[in-house]
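The sequence and the model come first, and the description follows.

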Amino acid sequence: MAKILIVDDEEHIRMLYQVELEDEGYEVSTAADGYKLLDKIERDRPDLVLLDIKMAGYNGLDLLQEIRNRFYDLPVILCSAYDSFKRDMKSIAADFYVVKSSDLTQLKKTIAMALEGATSSSG
Amino acid sequence: MTQVTFSECGPDRADRADIVVGIPPVGRGHVLSHSVEQADLGLRLYFPDRQAVIIHSDHDLASEARDSFWTTKTRTPRLLLLPDRGVTGKGTLLRALFRKTLELKARACIILDGNSKGVSPKWIRNLGEPLFNGFGFVAPLYTAHRFSSPLTDHVIYPLTRALYGRRVRQPMGGSFGISGDLAGIYAEHPFWDDNVANAGIYVWMTTLAICHNVRICQSVLGRPEPGGRNGPLEESPETFRQASGTLFSMMPHLSPFWKKVRWSRPTAVFGLCPGEPELRQPMEPVRTEREGAMETDLDPYRGLWEEVLGPESLSGLDDVLAKLPSRLEFPPELWARILFDYAVAHRTRGGASEEVLLSSLIPLYLLRRGAFLRQCRGVPASHAEEYVERECVAFEEAKAYLTERWRE
């Protein structure tokens with residue numbers, strides 16, 4: 001099953017996502033911020049990254065550019081409480097943009113699409 | 001394919017180069033001077049240790065642009081590529097540039113839109129630097145958005161993205177960066193026709209870059225000047241036919257690739273400032289008289305539409321037409337299916353009837369564009385892109401319909 005890395009500075013979000021996604025059969029790891037994030041990705045080799053945008057001390061949109069430059073084909077889904085960041089051109093380097101919600105139906109559907117898209121484009 | 005020969009002229013010698021900056025033919029000499037000056041400055045500022053050459057290719061013997069190319073003072077060597085008499089077409093001239101890039105063993109080739117007054121030294125940096133950092137194809141990303149390039153927004157971008165699975169926002173944007181390796185692929189690629197030799201060249205380049213799995217980057221170039229490339233006034237029926245014809249003609253050759261693709265993937269983005277938001281800026285709206293085809297007599301096309309469109313598409317189109325002129329509503333899902341129907345028809349009909357076929361698509365395109373403009377009226381520039389995004393998602397969702405019809 002696919003490995004998902006959750007990057008979010010809110011602990012309850014990390015826990016919620018982890019429980020729900022593990023229930024879906026995904027293998028999940030977490031990071032509380034962007035510190036040495038690229039090293040962690042290099043080490044853990046996730047199949048997909050869920051990336052928060054507004055984190056204490058880190059800007060998810062800038063981290064996204066670093067991820068995309070180094071791991072060109074790694075699917076990244078931006079997760080934010082706000083929909084306004086999708087108008088920032090930096091967000092186009094993400095596969096998808098999801099507005100946070102306690103109902104994870106949309107997020108799960110988006111994860112499935114991102115993984116399917118990544119598999120088909122690498123074929 | 002006929003091999004076209006070119007001669008070279010110029011006071012400068014260039015046997016080798018790291019970077020080639022190519023400027024295809026333009027109509028206005030003073031604007032070309034601007035691009036040449038900015039290219040020279042950009043090369044000196046951002047690539048001072050690289051050997052570079054600026055090349056202009058032009059088929060017009062009495063070209064004012066050619067004069068301005070020579071009279072503009074540069075420190076970078078310049079070269080002019082002249083095709084045999086009678087040879088025309090932007091695509092043909094660009095292919096000569098790719099061959100020259102190969103001959104000079106250059107690692108990077110930057111194509112500059114000589115018609116744009118917006119060219120600055122940063123364009124050279126943003127189109128060139130990714131090529132020395134692992135990327136093979138750099139497409140332009142303009143910050144301006146106000147429906148400035150409807151052919152791109154409603155046909156070329158959504159189709160390219162849904163078919164080949166990469167989100168290259170300006171697949172015919174006029175300024176690009178390509179690696180020396182990719183220039184080699186372009187110089188020798190067997191797929192070539194009259195459409196590619198003309199305005200279809202950029203669609204061809206983008207499509208081949210995606211299908212050769214080249215790492216793609218989009219570089220922020222700021223806003224193009226109104227009236228320059230991508231301006232709606234430059235969008236002629238001929239450009240429409242050549243660009244869409246290129247896309248459709250390539251599909252049978254690339255079907256093993258696109259049939260496997262589901263959804264779409266992003267590219268890297270270059271030229272953004274960390275910590276600073278990058279928002280789209282407003283541009284002059286498209287003139288209202290270009291909104292739709294409601295004044296066009298649609299009856300002559302009816303017979304062909306009945307041949308080309310699937311039953312659901314035809315019924316959907318009848319619904320659209322029945323509401324005219326009081327209401328203009330053209331759902332993106334219907335538009336996606338219609339374009340896919342045309343792709344299938346192009347494969348089976350093609351050839352001599354291509355012009356007739358693609359001409360019959362133009363009124364439908366104008367209707368879709370008009371409906372889109374009405375829907376987005378009053379929407380701020382920063383939000384307009386979301387409407388284009390919805391259109392693209394509709395194309396990706398409708399792709400199963402294409403795959404099904406392609407089997408017929």
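## Helix 1 of chain B

B:Asp40 and B:Arg44 are 4 residues apart in helix 1 of chain B, so about one helical turn separates them. An α-helix has 3.6 residues a turn, so residues three or four places apart point the same way. The side chains of B:Asp40 and B:Arg44 meet in a salt bridge, with a distance of 2.8 Å from N to O. The model is a predicted one.

B:Asp40 counts as buried because its relative accessibility is 3%, whereas B:Arg44, at 35%, counts as partly exposed.

Helix 1 of chain B covers residues 29-46, and B:Tyr46 belongs to it. B:Tyr46 has a relative accessibility of 31% and therefore counts as partly exposed. Together with B:Leu41 and B:Leu45, B:Tyr46 forms a nonpolar patch on the surface. The accessible area of these three residues together is about 260 Å².

## Salt bridges

How many salt bridges does a search of the whole structure find? Over all chains, the search finds 33. One of them joins A:Lys100 to A:Asp52, with the closest N and O atoms 3.2 Å apart. A:Lys100 lies in the loop between strand 7 and helix 4 of chain A, and A:Asp52 lies in strand 3 (residues 48-52) of chain A, so the pair ties together parts that are 48 residues apart in sequence. A:Lys100 and A:Asp52 are both buried.

In chain B, the side chains of B:Glu396 and B:Arg161 form a salt bridge of 2.7 Å, N to O. Because B:Glu396 is in helix 14 and B:Arg161 is in helix 5 of chain B, this pair ties together parts that are 235 residues apart in sequence. B:Glu396 and B:Arg161 are both buried. A network of salt bridges links A:Arg68, A:Asp73 and A:Asp95 with B:Arg166 and B:Arg265.

## The largest pocket

The largest pocket holds about 930 Å³ of space. It is lined by 31 residues, and those closest to its centre are A:Asp95, A:Phe96, A:Tyr97, B:Glu389 and B:Val393.

Which element gives the largest share of the lining? Helix 14 of chain B does, with 8 residues. By class, the lining of the largest pocket is made up of 14 charged, 11 nonpolar and 6 polar residues.

## Enclosed helices of chain B

Among the buried residues are B:Tyr202, B:Trp204, B:Met205 and B:Cys211.

Helix 4 of chain B (residues 121-128) has 6 buried residues out of 8, so it too is largely enclosed by the rest of the structure. The buried residues of helix 4 of chain B are B:Pro121, B:Trp123, B:Ile124, B:Asn126, B:Leu127 and B:Gly128.

## Loops and backbone details

Helix 7 of chain B is followed by B:Asn213, whose phi is positive, near 55°, although B:Asn213 is not a glycine. B:Asn213 is in the loop between helix 7 and strand 8 (216-222) of chain B. With a relative accessibility of 56%, B:Asn213 counts as exposed.

A positive phi, near 50°, is also found at A:Arg45, a residue other than glycine. A:Arg45 is in the loop between helix 2 (37-44) and strand 3 of chain A. Its relative accessibility is 48%, so A:Arg45 counts as partly exposed.

Is the peptide bond from B:Leu324 to B:Pro325 cis or trans? It is cis, with omega near 0°. B:Pro325 is in the loop between helix 11 and helix 12 of chain B. B:Ser326 is found in the loop between helix 11 (311-322) and helix 12 (332-348) of chain B. B:Ser326 has a relative accessible area of 64% and is therefore exposed. From C-alpha to C-alpha, B:Ser326 is 14 Å from B:Gln375, and the two are 49 residues apart in sequence.

Conventions
Residues are numbered from 1 along each chain as its sequence is written. Chains are lettered from A and ligands numbered from 1 in the order in which they are written. This is a predicted model: local features need pLDDT of at least 70, side-chain atom pairs count only at pLDDT 80 or more; totals for chains, interfaces and linings use all residues. Side-chain values use heavy atoms; hydrogens and water are left out. Patches are made of residues with over 30% relative accessible area and no salt bridge: like charges are joined within 9 Å, nonpolar side chains (Val, Leu, Ile, Met, Phe, Trp, Tyr) within 5 Å. Accessible areas come from the Shrake-Rupley method with a 1.4 Å probe; for residues, only the protein chains shown count as cover. A salt bridge is a side-chain nitrogen of Lys or Arg within 4 Å of a carboxyl oxygen of Asp or Glu. Helices (H or I, at least four residues) and strands (E, at least two) are DSSP runs, numbered from the N terminus. Buried means under 20% relative accessible area, exposed over 50%, partly exposed in between (1.4 Å probe, protein chains only). On a 1 Å grid over the protein atoms alone, a cavity is a set of points where a 1.4 Å probe fits but cannot get out, and a pocket is an open set with protein on both sides within 12 Å along at least five of seven lines; lining residues have an atom within 4 Å of a point. Grid points are joined across faces, edges and corners, and a volume is the space filled by probe spheres set on the points. Ala, Val, Leu, Ile, Met, Phe, Trp, Tyr, Cys and Pro count as nonpolar, Asp, Glu, Lys and Arg as charged, and the others, Gly among them, as polar.
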